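This report walks through one structure for a reader who is meeting it for the first time. Please keep the sequence and the 3D view at hand while reading.

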Amino acid sequence: MSETKPDKMPVVAVLHDPQAPPPGLEALEGEAEIRMADDAHSLAQALPGADVLMVTDFRTGALEDAFHAADRLQWIHATSAGVDKVLIPAVRESAVPVTNARGIFDRGIADYVVGAAFMVAKDFHGNLAFQRARQWRHRETRRLDRQHMLVVGTGSIGHEIGRLARAVGMSVSGVGSRRREGDAVFGAIHDNTAFHDLLAEADHVAIAAPLTDQTRHLFDAAAFRAMPDHGHLINVGRGEIVQTEALVAALNAGEIAAASLDVFEQEPLPADHPLWDRPGVMMSAHMAGDFMGWEQALTDQFIDNFRRWTAGDALFNQVDKARGYGPATG
């Protein structure tokens with residue numbers, strides 16, 4: 001694959017859900033040739049001669065099946081924070097840089113996480129259940145400013161979760177890929193060597209980590225046993241970080257009290273799965289960060305980066321392909 005930019009108008013291949021093009025992409029009219037693709041066959045037709053690949057559709061193995069057709073690709077952009085679906089072996093081993101949507105979903109996901117913590121601390125689950133049963137049941141609940149949140153994954157999303165949790169009075173700690181001192185949000189960021197000890201101290205555990213070989217099934221039966229029995233798991237990272245069967249077993253055994261889940265090992269979750277009816281569980285359809293206008297925001301971010309690239313400037317949000325996630329605070 002060539003490393004020199006073409007003299008003619010750049011070609012951008014877009015792997016996207018076939019229902020409609022990404023909103024706002026028409027702003028590149030006159031600046032780029034856009035080629036839409038929605039499966040492996042159409043992507044293999046779009047990639048020859050393409051300089052840039054924008055991946056918005058992560059449903060299929062189209063990228064892996066069609067990547068052989070890329071002959072002058074200069075840059076791949078994923079419209080997501082996580083890039084595990086994009087970093088197929090051929091992409092990892094290539095010289096093509098990969099960027100992601102770092103920053104777009106930070107506040108929306110932090111809102112979700114802190115909202116979930118409020119829901120459990122103030123027992124909204126119980127309120128709704130008693131309301132449906134038409135029962136007037138007085139109880140005492142917890143104050144969030146007396147509780148502690150452990151954030152697993154200290155990239156930009158994890159930092160925003162920690163910042164917002166602190167803003168409502170919670171104490172916070174963070175686990176990242178390596179130990180670091182002097183962090184503005186977490187103080188010291190811990191590595192995995194003290195993971196189970198940190199779980200034992202947390203009222204709420206928020207997973208905001210990328211999916212890597214090190215994080216896959218990080219939350220197993222041993223991790224849930226380490227959590228306090230009133231503990232609350234919040235997963236806004238990747239479903240495969242949690243062993244679903246171990247989570248169900250921990251909830252059933254009373255090893256943890258609650259779970260708020262936006263991502264799952266299998267999506268959508270089967271209709272007969274026990275989590276649907278489990279008390280103390282709140283689920284959403286992989287939408288924690290999706291605010292009104294998020295698709296336009298993703299396109300705007302891509303266009304900003306595209307114009308940097310055409311001007312010869314450095315790409316922003318470039319991913320460390322060896323580690324599998326972004327640089328800086330990740």
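Rings of Phe, Tyr and Trp, with the six-membered ring used for Trp, count as a pair if their centres lie within 6.5 Å. With that cut-off in mind, Trp 75, Phe 302, Phe 306 and Trp 309 form one aromatic cluster. The model discussed here is a predicted one.

**Aromatic pairs**

The structure holds 7 aromatic pairs, and two of them are set out in the table.

| Pair | Arrangement | Centre to centre | Angle between planes |
|---|---|---|---|
| Phe 105 and Trp 294 | tilted | 6.2 Å | 50 degrees |
| Phe 195 and Phe 219 | edge-to-face | 5.4 Å | 90 degrees |

Phe 105 belongs to the loop between β5 and α4, while Trp 294 belongs to helix α10, residues 294-310, so their pair ties together parts that are 189 residues apart in sequence. Phe 105 is buried, with a relative accessible area of 7%, whereas Trp 294, at 25%, is partly exposed. In the other pair, Phe 195 sits in helix α7 (residues 195-200) and Phe 219 in the loop between β10 and α8, so this pair links parts that are 24 residues apart in sequence. Both Phe 195 and Phe 219 are buried.

The buried residues of α10 are Ala 297, Leu 298, Thr 299, Gln 301, Phe 302, Ile 303, Asn 305, Phe 306 and Trp 309. An α-helix has 3.6 residues a turn, so residues three or four places apart point the same way. What covers the buried residues of α10 includes the strands β1, β3, β4 and β5. After α10 comes Gly 312, whose phi is positive, near 85 degrees.

Leu 25, in the loop between β1 and β2, counts as buried at 6% relative accessibility. Leaving aside residues up to four places away in sequence, Leu 25 touches Val 14, Ile 34, Met 54, Thr 299 and Phe 302. Thr 99, which lies in strand β5, is buried with a relative accessible area of 0%. Among the residues that Thr 99 touches are Trp 75, His 77, Asn 305 and Phe 316, and the side chain of Thr 99 makes a polar contact of 2.8 Å with the side chain of Trp 75.

**The open sheet**

Which order do the strands of the open sheet follow? The 8 strands run in the order β8-β9-β7-β6-β10-β11-β12-β13, with mixed pairing. Strands β8 (180-183) and β13 (281-283) stand at the edges with a single partner strand each, so one side of each is left without a neighbour in the sheet. On average, neighbouring strands of this sheet are turned by 20 degrees against each other, direction ignored.

Within the sheet, β7 (residues 171-175) and β9 (residues 187-190) run parallel and are joined by 2 bridges, and Gly 174 stands opposite Ile 189 in β9. Helix α4, residues 106-121, packs on the sheet and touches β6, β10, β11, β12 and β13, while its direction makes about 155 degrees with that of β11.

Terms used
Residues numbered from 1 in each chain as written. Predicted model: local features only at pLDDT ≥ 70, side-chain atom pairs only at ≥ 80, totals over all residues. Heavy atoms only, no water. Pairing = 2+ DSSP bridges. Helix = DSSP H or I, 4+ residues; strand = E, 2+ residues; numbered from the N terminus. Axes fitted to C-alpha atoms, helices over the stretch in contact; angles between N-to-C directions. Contact = heavy atoms within 4.5 Å. Buried < 20%, exposed > 50% of the residue type's maximum accessible area, 1.4 Å probe, protein only. Polar contact = N/O pair within 3.5 Å; in protein donor to acceptor, adjacent residues only side chain to side chain. Phe/Tyr/Trp six-rings, centres within 6.5 Å; stacked < 30°, edge-to-face > 60°.
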